[in-house]
Amino acid sequence: SNQEKLIFLIFLTLLAGVFFILSKTNLFISSETNLFISPETSLLILKNFLDNSNDNPRNKIPESGTVNTLTNNETEVKAEDKEFIENDDLIENRVASLKIIKAVYVTSWSASRDDYINYLINLAKNTEINSAVIDIKDWSGHIGYDTAVPQAEEYGAESIRIKDIDAFIQNLHSEGIYVIGRIAIFQDPILAKNKPEIAIHSQSKIPLFPLDSLDPVSSVLFSLSPFSLWLDRLGLAWIDPAAKGNWDYNIAIAKDAISHGFDEINFDYVRFPSDGDLKDMVFPIWDGKTEKHLVIKEFFKYLRERLPEARLSVDLFGLSASSADDLGVGQVIEDAFEYFDYVSPMIYPSHYAPGFLRFENPADYPYEVVNYSMERASQRLSVFKQSHESNSQIRPWLQDFNLGAIYDAQMVRN
């Protein structure tokens, strides 16, 4: 009734006042939804009720930091657009001079520090390291430098850590370092908050209490919003993998990165979620019937069609090298062979379950785990090339962090 609506509106007004007081202290934690809700978010509930606004707060999330190696092919690189032509020969020369690429992963935070860049350059001068994988857009959804992508600024996604991206890349190139830019795709809390209509939602958060779905006031409050976002076990939001709006957003970021001189674009988190309450997920775009791996494969195809001459790589779960199914996340290694120059299974022995290859603790046997996985992946690529045109090569991520075992230099080298 109208009286009930008025009472509810008064309640929200009082609630907003309480949260305004909390805004002078710290974050309020909702015990019912396990969401971190800032006071601005609580005020936003009232604003949505009144005018159907989609405003939302933008919270910064810190990021984290492995070794990447590959046997590189020497296929010709062509310029996609006119602005890329001047970089074309330089990229080709760098690639041709590196028969084997050995790269380290560098967060955008690390890339912003002069002392770390000096450390990286010294690595390249004094060790086998000759390449670096630099975060462009990390798992938090933040982009580490100023881009020319309008949506990035609109969403508040730019966190200017690398002040001058052109000078940064030129510096690495002058030292003979091959620069790979990494973009996290479907895990993107910032985009999810700004575009909840293409994000994965939580079924348990949408109907907070029974209301007439045809009631216009109720439809404003309880339509898909930042408050109903599904979160993984780390509290991070994801985008529906079938959402082409997200595909275009990340392609725009990739094109911008190429224009700044990145030699290669690497795509990560290209999958459906793997942890959290998976049964609680609601997908606004995926129909739930199309096989997950076909959704991911369609994205791969879309990427290649819009970046036809770019040098592209993709990261997959390590088990994709040896597993015949899609691991429940839509990753089938053959789906990537057709569209990427390099396919990079993340072969971290610590992530393999006890009993893999009959090892009680696979992390203690990095050579055996990596060798077996690479053999299986190479066999599958060889079979694929018998019936498909592909210049793709396998390029694994290797574990260089202590989990399950102590990974010293000898463990990594093994």
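The model is predicted, with local features needing pLDDT of at least 70 and side-chain atom pairs counting only at pLDDT 80 or more, while totals for chains, interfaces and linings use all residues. Residues are numbered from 1 along each chain as its sequence is written, and side-chain values use heavy atoms, with hydrogens and water left out.

**View A. Asp232 lies in the loop between α9 (216–222) and α10 (244–259).** Helices (H or I, at least four residues) and strands (E, at least two) are DSSP runs, numbered from the N terminus. Buried means under 20% relative accessible area, exposed over 50% and partly exposed in between (1.4 Å probe, protein chains only). The side chain of Asp232 has a polar atom 2.9 Å from the backbone nitrogen of Leu234, and a polar contact of 3.0 Å links it to the side chain of Trp238. A polar contact is a pair of N or O atoms within 3.5 Å; within protein, one must be able to donate a hydrogen and the other to accept it, and residues adjacent in sequence count only if both atoms are side-chain atoms.

**View B. Helix α7 (residues 165–174) has buried residues Ile165, Phe168, Ile169, Leu172 and His173.** Seen down the axis of α7, these fall within an arc of 130°, so they line one face of the helix. The arc is that of the directions from the helix axis to the C-beta atoms. Exposed Gln170 and Ser174 are on the face turned away from the buried side.

**View C. Strand β8 (residues 264–268) is largely enclosed by the rest of the structure, because five of its five residues are buried.** Glu264, Asn266 and Asp268 point one way, and Ile265 and Phe267 the other way. Strand β6 (residues 178–184) runs parallel to β8, joined by five bridges. Three bridges join β8 to the parallel strand β10 (residues 312–317). Two strands pair if DSSP finds at least two bridges between them.

**View D. Pro349 is buried, with a relative accessible area of 1%.** Pro349 sits in the loop between β11 (342–347) and α13 (366–385). Pro362 is 13 residues apart from Pro349 in sequence and 5.4 Å apart in space, C-alpha to C-alpha.
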